[in-house]
Each structure stands twice: as C-alpha cells, then as structure tokens.
Amino acid sequence: MVTFGALEAGGTKMVMGILDENGSILERVSIPTQEPDITVPAMIAFFSGKTIQALGIGCFGPLDLNPVSPQFGSITATPKIAWRHIPIRTLFMDALHIPVAIDTDVNAAALAESRLGAAKGLNSCLYVTIGTGIGGGVIIGGKPVHGLVHPEVGHQLVTPHPQDPCPEGFCPYHKHCLEGLAAGPTFEKRYAMSAKDLPHTHIAWDIEADYIAQMCHNAIMSFSPEKIILGGGVMQQQFLLPLVREKTLMLLGQYIQHPHMENGLKDYIVSPDLGIHSGLMGSFLLAKEAGNL
Ligand code: ADP
Ligand code: ZN
C-alpha cells in the first residue's frame with residue numbers, strides 16, 4: 001500500500017499522521033512541542049521505517065518559502081527562540097531520504113478546506129483562523145498564494161470601532177491591525193474576562209464581529225474569493241458567524257452582488273468542514289503533491 005506522512009507542526013503540539021493515498025488516516029500521534037533537539041529526533045523516529053512515499057509539513061511560521069532561497073523550508077523570525085532558523089524541511093529530507101513539502105499551517109489548512117472541505121470544487125477561497133492569533137490562507141487557482149513572502153491576513157489594518165476601549169489593539173508591530181484587535185486573547189486584555197465567558201449581549205461581540213466583517217469586506221474587494229471560511233477558537237461562539245455575515249453585508253453596501261452571496265451570505269461566509277483534521281489533511285495533500293513529482 002502506498003502511504004504518505006503528514007506533520008502538523010504547531011507551537012504547542014506536533015501532530016503526526018500516516019495516511020493512505022485516499023487520505024484515510026491510518027495512524028495519528030501527537031507530542032508536545034519542546035526544544036527542537038528533543039522534538040525533531042522524536043518526530044524523525046516516528047516517520048522512520050514507515051515506508052512513506054513523501055512527507056508534507058504544515059508548520060507554524062514565519063517560514064522561508066522561497067524555493068530558490070538557501071534557507072527554503074526553514075523557520076525564520078518566530079517568537080519561539082529555540083525554533084528560530086531551524087531548517088525543518090532539510091532535517092526531515094536528510095533523515096528520511098524522501099520528498100518533503102512544506103507550507104505554513106494556515107496555508108495547509110486552507111488547501112485542505114479548498115480541496116476536501118467547505119470550498120471543495122471551487123478555484124479560490126480565503127481561510128482564516130481566529131484563535132490565539134489570526135492567520136489566513138489564500139487559495140487562488142487551487143493553490144496557496146505565497147507572493148513575495150506570504151500574505152499576512154491577520155495583520156491588515158482595520159478601522160477601530162468607536163466603542164473599543166483599546167482602539168490601538170495589542171500587536172507589538174502595528175497599531176489597529178486585525179490580530180491586535182480581534183484575536184482571542186484581546187478579550188481578556190480589554191475586559192479581564194475570557195472570550196469563552198463573555199455573555200452574547202456584551203458589546204465586545206459587536207466589536208469583534210465588526211473587525212472580522214471588515215476583514216471579509218477587504219478580502220472581497222481585494223481578490224474576490226469564492227468562499228470565506230472562518231475557523232479557530234473564537235468562532236466556536238455560534239452566534240458570531242451570523243453577526244459577521246450581517247455586518248459584512250452592511251459594509252458591502254450592495255456594491256458587490258452575486259447569486260452565491262444570496263441568503264444573507266449564508267453559503268458564502270461559512271465554518272470549516274474538516275474541523276480538527278484540516279491541518280493534517282492539508283499536510284497530506286502537500287505530501288501527495290511532493291510524492292508525485
Ligand atoms: P490556536 O490559535 O492556539 O491554534 P485556537 O484556534 O483553539 O488555538 O484558539 C485558542 C484561543 O481561542 C483561546 O486563546 C481563546 O482566546 C479563544 N477561544 C477558545 N475557545 C473559545 C470559545 N469557546 N469561545 C471563545 N473563544 C474561545
Ligand atoms: Zn499586527
């Protein structure tokens with residue numbers, strides 16, 4: 001049987017999987033992310049001897065994804081200092097002697113949603129996760145967009161809400177960027193209460209929905225994705241998605257209209273389909289492409 005390796009490399013845990021060529025998960029193991037000299041050999045030990053055809057990695061970033069760069073496939077300026085400049089792709093290639101593909105964790109998840117999940121059958125989509133941070137993967141022509149570095153959807157600037165008590169937000173790099181204003185931990189910083197515990201009626205949710213809607217509006221105006229998929233811990237609040245749709249419609253002001261955007265954007269701004277498996281499935285798709293070269 002032909003099998004592929006998939007690694008979802010996260011800041012808190014590493015999820016490793018062995019999948020058959022149809023994407024069925026044959027084995028799935030998760031280990032905590034410690035220092036690279038502990039975690040990398042443990043991962044290599046897992047994949048060694050598994051007779052996988054190729055390995056795909058969806059990795060926390062930022063990463064060097066320029067294929068002609070000598071540092072291609074290395075982690076770059078991450079706040080996790082021990083992981084800075086770790087050539088993660090090369091380490092696996094040298095140890096396993098198989099093709100290894102790498103992309104950012106959000107691009108991998110976006111790819112999985114685009115091929116197998118909420119945007120299946122479409123050419124383009126935007127996948128955004130609103131969790132500890134905010135990150136987005138842009139798929140155009142069925143492939144993740146890399147551009148010069150990679151898009152940083154979470155750091156786009158948005159207009160502060162007039163009732164936001166902290167209108168500059170909390171990003172160390174930018175004033176009033178989306179992540180600094182709308183990532184999960186900003187609730188605690190503003191209101192000393194976690195997003196999980198704030199009642200639906202709290203103004204915080206109106207502000208949150210406004211920021212996410214601004215991001216949707218900007219994406220629609222910038223590259224017209226065929227679907228917008230919103231995931232991550234904060235979106236677990238079920239009332240938030242309808243509120244985001246409502247505010248996005250208001251911002252669009254009927255300037256953009258399309259049959260796919262009818263029903264109050266119900267089929268246009270949606271939840272992910274693949275749930276917790278999107279990262280691993282995206283890494284599998286990367287592996288499959290690398291293995292078919
Ligand atoms: P990560 O971004 O770390 O990969 P998540 O997407 O699960 O993981 O995001 C975690 C963050 O999402 C938490 O820090 C918290 O702020 C927020 N969060 C988690 N669960 C909920 C919830 N049920 N309601 C609102 N916010 C939540
Ligand atoms: Zn920022």
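Modeller: Ala, Val, Leu, Ile, Met, Phe, Trp, Tyr, Cys and Pro count here as nonpolar, Asp, Glu, Lys and Arg as charged, and the others, Gly among them, as polar. The model is predicted: local features need pLDDT of at least 70, side-chain atom pairs count only at pLDDT 80 or more, and totals for chains, interfaces and linings use all residues. Residues are numbered from 1 along each chain as its sequence is written, and side-chain values use heavy atoms, with hydrogens and water left out.

Colleague: How do you know that strand β1 and strand β2 are joined?

Modeller: Two strands pair if DSSP finds at least two bridges between them, strands being DSSP runs (E, at least two residues) and helices such runs (H or I, at least four), numbered from the N terminus. Seven bridges join β1 (residues 3–9) to β2 (residues 13–20), so the pair meets that definition. Leucine 7 has methionine 16 of β2 as its bridge partner.

Colleague: What makes β3 and β5 the edges of the sheet?

Modeller: The open sheet of five strands has the order β3-β2-β1-β4-β5. β3 (25–32) and β5 (100–104) each have a single partner strand, so one side of each lacks a neighbour in the sheet.

Colleague: Why are two residues of the lining of the largest cavity called charged?

Modeller: The lining consists of Leu181, Phe187, Arg190, Tyr191, Ala204, Ile207, Glu208 and Tyr211. Arg and Glu belong to the charged class, so Arg190 and Glu208 are the two charged residues. The lining's other residues are six nonpolar and no polar. Helix α6 (203–223) gives the most to this lining, with four residues.

Conventions
Chains lettered and ligands numbered in written order. 1 Å grid on protein atoms, 1.4 Å probe; cavity = no way out; pocket = protein on both sides within 12 Å on 5 of 7 lines; lining within 4 Å.
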